[in-house]
Amino acid sequence: MKVCVVGTGYVGLTTGVSLAFLGHDVTCVDLDQAKVDLLSGGRSPIYEPHMDALLADSAERMTFTTDYSAAVPGADVVFIAVQTPSLPDGNPDLQYLRSAAESVGQHIDGEFTVVINKSTVPIGSSNWVDSILRESFERTHERRSDGEFSVASNPEFLRQGAAIQDTLYPDRIVVGSDNPRSLDVLNRLYRTILNQTFTPPTYLPRPAELGAVPMVSTDLASAELIKYAANAFLALKISFANEIGQLAGKVGADISQVTRGIGLDTRIGPRFLQPGIGWGGSCFGKDTAALIATSAEYHHAMPIVTAAREVNQMQRRLVVDRLLDELRILKGRKIGLLGLAFKPNTDDMRDAPALDIARMLIDRGARIRLHDPVAAERFRREQPELAPYLAGEVEEIFDDSDAVVLVTEWSEYLDLDWGKFASLMRTPVVLDGRHCLDPERLVKLGYRYLAVTGR
Ligand code: UDX
């Protein structure tokens with residue numbers, strides 16, 4: 001099929017390259033010429049495992065352009081995957097979506113095009129996108145549209161760092177539409193994923209346990225709400241683990257054993273109960289804020305989601321509180337942070353806990369050093385005011401430090417020669433922000449081991 005993808009961020013690029021890999025002809029539009037040039041040369045502007053290999057494998061079926069007229073006319077499916085950053089009131093800023101929809105509307109020219117809004121947007125936005133497309137189509141074509149296009153909602157659930165994996169081997173595909181024809185187009189588009197009949201890339205084998213992928217077909221509003229509800233539920237699961245974790249610390253229980261004990265109940269499940277500094281990234285904070293903002297418009301409160309956000313902020317503050325308890329004075333103390341990305345295997349720092357923690361420590365007069373094995377260069381560009389605190393080598397994080405905080409659980413950090421580094425520190429205090437270091441081992445190596453949640 002002929003596919004157009006507008007926007008080559010995490011979602012757009014992953015969607016485009018995966019569909020091209022599956023045999024569709026994909027044209028990606030991005031207004032950023034530099035990105036288009038990079039991608040046309042086979043290089044990815046973002047760090048994502050397997051992206052370069054999949055780009056190479058799909059190159060002959062992919063085109064990158066800044067020109068809508070080279071991408072939209074004749075497309076069976078147009079994905080709009082542009083950024084929707086948060087506004088101060090929690091609502092997403094829809095200006096990029098509006099202008100993308102206007103451009104798509106101008107260039108739609110074919111028998112039938114399904115337009116899918118991949119950006120996460122407030123419930124009801126599909127109708128809004130539909131009205132923009134319609135206006136723009138009518139203005140350009142000087143006639144009313146006659147069923148040439150239809151808007152569908154097809155939310156993605158991909159995780160950064162596992163984006164391609166999650167696209168090729170999803171738990172489910174959700175499609176919201178009020179037009180049976182769109183449903184048919186999307187069924188054909190995703191057929192080989194739904195049946196898992198494509199030949200997997202050698203570097204990303206199919207998970208052994210994966211059978212056929214269920215398709216959940218709904219009305220537009222339900223599909224839009226599924227996306228928000230899924231992210232809010234995952235966010236509150238983590239915040240719940242953190243809230244119990246705080247209590248565990250107080251009563252002398254071990255939170256890791258507690259989460260294992262509850263997670264083995266199949267009604268709860270073991271995943272997303274990992275306690276620690278809490279969640280960050282581009283989705284959970286933004287989507288929970290948007291959900292609360294939407295519900296406020298309906299005079300509806302969301303106390304559970306609101307509380308999940310509060311617990312998450314508290315976890316970041318607790319890092320500073322724990323250090324204060326231990327060191328008594330933070331002014332002048334040298335504190336190293338391991339990890340800047342919001343989670344391992346990505347260089348994304350949107351809503352990364354490390355940024356908040358770094359600023360809080362600076363406010364208290366601490367001398368901080370920052371390190372990340374992958375995100376450092378991007379950090380230097382995106383956070384110029386914090387860039388002077390970057391360390392070149394991981395040794396500098398430990399050298400003469402009063403404490404080291406593990407903020408992001410990169411495997412490089414788990415495998416450090418912790419014994420050697422203890423001797424570099426002024427006082428060998430380690431605060432495990434992710435509950436992923438072995439306390440007994442670290443204590444044997446001479447560390448004072450602290451956790452954000454728990455003992
Ligand atoms: C998330 C959703 O998983 C995905 O379905 C959606 O499409 C986008 O948002 P992502 O933000 O890429 O994906 O990261 P994810 O792996 O879900 O982790 C989110 C945050 O939760 C990270 O900061 C991670 O460190 C934290 N986390 C996750 C925990 O603190 N504990 C856990 O048990 C799991």
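Student: What do the buried residues of α3 pack against?
Tutor: In this predicted model, the buried residues of α3 pack against α1 (10-21), β3 (62-65) and α6 (163-168).

Student: Which residues of α3 are those?
Tutor: Helix α3 covers residues 51-58, and its buried residues are Leu-54, Leu-55 and Ser-58.

Student: How do they sit around the axis of α3?
Tutor: Looking down the axis, the buried residues fall within an arc of 105°, so they line one face of α3.

Student: And why would residues three or four places apart point the same way?
Tutor: An α-helix has 3.6 residues a turn, so residues with that spacing point the same way.

Student: Switching to the whole chain. How many helices and strands?
Tutor: The protein has 18 helices and 13 strands. Its radius of gyration is 24 Å, close to the 23 Å that the globule rule gives for 455 residues, so the protein is as compact as a globular protein of that length.

Student: What does the C-alpha trace span?
Tutor: About 75 × 50 × 45 Å along the principal axes.

Student: How much of the protein is buried?
Tutor: Buried residues are 45% of the 455 residues. As for contacts with a separation of 6 or more, 72% of them join residues 24 or more positions apart.

Student: How is the protein divided into domains?
Tutor: Domain 1 is 2-218 and domain 2 is 228-307. Their C-alpha centres lie 29 Å apart. Their contact takes 10 residues from domain 1 and nine residues from domain 2.

Student: What is the side of domain 1 that touches domain 2 made of, by class?
Tutor: Four nonpolar, five polar and one charged residues.

Student: What does UniProt list for residues 336-439?
Tutor: An unreviewed UniProt entry gives that span as "domain: UDP-glucose/GDP-mannose dehydrogenase C-terminal". In the model, residues 336-439 are 31% helix and 15% strand, and the end C-alpha atoms lie 19 Å apart.

Student: Where does UniProt place the "binding site" feature?
Tutor: The unreviewed entry places it at Lys-227, Phe-272, Leu-273, Gln-274, Pro-275, Gly-276, Gly-280 and Lys-343. These positions are spread over 117 residues of sequence, and in space they are up to 24.5 Å apart between C-alpha atoms.

Student: Take Gly-276. Buried or exposed?
Tutor: Gly-276 has 25 other C-beta atoms within 10 Å; the cut-off for buried is 20 or more, so Gly-276 is buried. It is found in the loop between α10 (255-263) and α11 (284-297).

Student: What does Gly-276 touch, leaving out residues up to four places away in sequence?
Tutor: Gly-433, Arg-434, His-435, Val-452 and Thr-453.

Student: And where is Gly-280?
Tutor: Gly-280 is in the loop between α10 and α11. It counts as buried, because it has 24 C-beta neighbours inside 10 Å. Not counting residues up to four places away in sequence, Gly-280 touches Phe-342, Asp-351, Ala-352 and Pro-353.

Student: Another loop, then. Where is Pro-344?
Tutor: Pro-344 is in the loop between β9 (334-338) and α13 (353-363).

Student: How many C-beta neighbours does Pro-344 have inside 10 Å?
Tutor: Pro-344 has 19, so it counts as partly exposed.

Student: What does Pro-344 touch?
Tutor: Setting aside residues up to four places away in sequence, Pro-344 touches Gly-161, Thr-408, Glu-409, Trp-410 and Ser-411.

Student: And how far is Pro-344 from Gln-257 in space?
Tutor: They are 23 Å apart, C-alpha to C-alpha, and 87 residues apart in sequence.

Definitions and conventions:
Residues numbered from 1 in each chain as written. Predicted model: local features only at pLDDT ≥ 70, side-chain atom pairs only at ≥ 80, totals over all residues. Domains from an automatic or database assignment. Contact = placed C-beta atoms within 7 Å. Nonpolar A, V, L, I, M, F, W, Y, C, P; charged D, E, K, R; others polar. Helix = DSSP H or I, 4+ residues; strand = E, 2+ residues; numbered from the N terminus. Rg over C-alpha atoms; globule rule 2.2 N^0.38 Å. Buried ≥ 20, exposed ≤ 12 C-beta atoms within 10 Å, placed from the backbone. UniProt positions renumbered as here; feature names shortened; annotations may be inferred. Arc of directions from axis to C-beta.
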